[in-house]
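I opened my notebook to look at how this chain packs. I begin with the model itself.

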Amino acid sequence: MAKAEILSRIRRDFGELSAEQTKQIGKLPVPQLESLAKALLDFDGLADLEVWLAEV
């Protein structure tokens, strides 16, 4: 899944991202983007994304 698709999915499901969140996701290498795409299925909101980003 491409970065743009992941960002679009997050915005659709959870609302707008902060500039910092967008920047962090933009810097992720492909393996971590793939992990994020899978993890999104279990996220309940942006707080889950924040935790995930803090752990990578």
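My entries on one helix and on the core follow.

Entry 1. I noted at the outset that this is a predicted model.

Entry 2. I checked the length of α1, which runs over 3-14. At 1.5 Å a residue, its 12 residues should span 16 Å, and I found its end C-alpha atoms 16 Å apart, so the two values agree.

Entry 3. Which residues of α1 are buried? I listed Ile6, Leu7 and Ile10. They cover an arc of only 100 degrees around the axis, and therefore they sit on the same side of α1. I recalled that an α-helix has 3.6 residues a turn, so residues three or four places apart point the same way.

Entry 4. I turned to the face of α1 that points away from its buried side, and there I found the exposed residues Ala4 and Arg12.

Entry 5. I asked what covers the buried residues of α1. The cover includes α2 (19-26), α3 and α4.

Entry 6. Just after α1 I looked at Gly15, which takes a positive phi of about 100 degrees.

Entry 7. I moved to the largest nonpolar core, which has 15 residues. Ile6, Ile10, Ile25, Leu36, Phe43, Leu49 and Trp52 touch the most other members. At least two residues of this core come from each of α1, α3 (30-39) and α4 (46-55). The most come from α3, which gives 4 residues.

Entry 8. I picked Leu49 and looked up its contacts, leaving out residues up to four places away in sequence. Leu49 touches Ile10, Leu17, Gln21, Ile25, Leu36 and Phe43.

Note on methods:
Residues are numbered from 1 along each chain as its sequence is written. This is a predicted model: local features need pLDDT of at least 70, side-chain atom pairs count only at pLDDT 80 or more; totals for chains, interfaces and linings use all residues. Side-chain values use heavy atoms; hydrogens and water are left out. A nonpolar core is a set of buried Ala, Val, Leu, Ile, Met, Phe, Trp, Tyr and Cys residues joined through side-chain atoms within 4.5 Å. Buried means under 20% relative accessible area, exposed over 50%, partly exposed in between (1.4 Å probe, protein chains only). Contact means heavy atoms within 4.5 Å. The expected span of a helix is 1.5 Å times one less than its number of residues. The arc is that of the directions from the helix axis to the C-beta atoms.
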